[in-house]
Structures are given as structure tokens and as C-alpha cells.
Amino acid sequence: MRAFAFSILVALTAAACTPTLTPVPRPVPAAPPPSSAPGPRAAIPPEALPLVEVVNRVMPVAVSACRSRGTRQRCDFLVALDDSRDVEPNAFQTLSPDGRPVIGFTLPLVQQTRNEDELAFILAHEAAHHIAGHIARGQNSARIGADLIGGLVAASGGGEVAIREAQGLGAFLGARRYAQDFELEADSLGALIAQRAGYDPQRGVMFFQNAPDPGSTFLGTHPPNAARIEVVRRTIAGS
């Protein structure tokens, strides 16, 4: 996996809902020449400035939604931007090694969005993955699949290698079982978060009109774009 060179870090702590924006200095040589002057702090790319505004409005709502769940999961989101221009358009949610929720954007994805409603919907969608506990739920499903398929092969007399391969297959199938449901759940919750932040999620989800459509593929990780647009429309209609 490519290491990220983040140019923006936006931290939301549990103690305060006000985002703080910190440009991160670029790496400098380990032993610069004596005449070298300290390099300038990394500037926020102009194309990313709309994302800063969206983060300031959306993430306090996301933190509030996270806390309202009453679970023990952390709500001190970190939002980061990879300012490389030669990477694939992408946004994702993950956890740092110490369990902090992280939302990442690549600059090409920010550049592909046509308005702040689309940016807000994507950001809220990624926050919703964490709020809904999708990483933990997916890991649990993978464990169940590994135990089930591995156990069946063991019971039928399979050897160590066969059992290990069966566990890998079971984990894969288990992780994929609910992947599309998780995406639609994040779309629904993300639509509400974006709306409460003052954005139009029905306009925001139109990002998928121009995005590649995964279609209805077996064991696909993402649902068809039309299904995502429809779930947002129904969510807002019922809110």
C-alpha cells in the first residue's frame, strides 16, 4: 500500500467539536547542507479549500451522531488529505493503530466533485461507516466465515493446508457478505448527517451519476449507483 504524504490534518477531539486545521511540513533530508534554510510549511492545495469548509460544517454533526450512539467507540475523527496528483480518486474510512477513526481523501477525488454538496455527502458517508461500526462488524463476519468453512473442512478430514485455505475463503466470503449493505447503510446515515450540516444530500449523491458503476456483481463490495441514489432519496423523503 502506498504511504500517504498528508498535506492536511483536521482533528476533531472528543473534548471539542471545533476542527483544527494543520498543514504538515513536507519531509526534509536527514542531513541537509549547512546552507540549507528550513523549508516552508506545506500549503493547502487551492483545489482542496472547499473540503476544508465542508469538514468544518459536517464533522461536528458527525461527532454528535457518533456520541449519540452511546457506544465505547472513539469519536475523535481525523480527516486527512493525500495531496499527490498521481493517485486514484478515493475516499475511505479506517482506524489508526491506536483505534482513532480516520477519514482519508485523495486530491483527485476532491477535484472530481462538482460542488460542496457532493463533497459533504462523501465525507458524511465515510464518517457513517465508523459510526455504524462497519469495520468491526465486517471483521466479525470474516471470523465467523473462517471458522465455519474451516471447521467444515476439518470435520471432513482435511489437512492443515486445506483448513488454512478454507479459512481464508471463509473469511473472504464473510467479509463480502454484508459489504453492499454496509455501503447503503452509510449512504442513508451519511445523507442525514449531510442534511443536518446544511447540505443537500440528494444533490450530493449525484456524484455517482458520473462515477463508474459497479453494477450488480456477485460478492461486489459496492452496490449499483442507482441503488445508492434511491436509498438517499427514500431516506430524505422519510426524514
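**An aromatic cluster and a helix crossing**

Phe121, Phe207 and Phe208 come together as one aromatic cluster in this predicted model. A pair of aromatic rings is described by the distance of the centres and the angle of the planes, and both values are given here for each pair. The count of aromatic pairs comes to two. In the pair of Phe121 and Phe208, the ring centres lie 6.4 Å apart and the planes stand at 90°, so the arrangement is edge-to-face. Phe121 belongs to helix H3 (residues 116-131), whereas Phe208 sits in the loop between helix H7 (201-204) and helix H8 (225-237), so this pair ties together parts that are 87 residues apart in sequence. The rings of Phe207 and Phe208 have centres 5.7 Å apart, and with their planes at 75° this pair is edge-to-face as well.

Phe208, at a relative accessible area of 12%, is buried, and so is Phe207.

Helix H3 also meets another helix. Its axis and that of helix H6 (residues 179-196) come within 7 Å and cross at roughly 120°, which makes H3 oblique to H6. The crossing of H3 past H6 is right-handed. On the H3 side, the contact includes Phe121 together with Ala120, Ala124 and His125; among the H6 residues taking part are Phe182, Ala186, Leu189 and Ile193.

Notes:
Residues numbered from 1 in each chain as written. Predicted model: local features only at pLDDT ≥ 70, side-chain atom pairs only at ≥ 80, totals over all residues. Heavy atoms only, no water. Phe/Tyr/Trp six-rings, centres within 6.5 Å; stacked < 30°, edge-to-face > 60°. Helix = DSSP H or I, 4+ residues; strand = E, 2+ residues; numbered from the N terminus. Buried < 20%, exposed > 50% of the residue type's maximum accessible area, 1.4 Å probe, protein only. Axes fitted to C-alpha atoms, helices over the stretch in contact; angles between N-to-C directions. Parallel < 35°, antiparallel > 145°, perpendicular 65-115°, else oblique. Left-handed = near helix turned anticlockwise from the far one by under 90°. Contact = heavy atoms within 4.5 Å.
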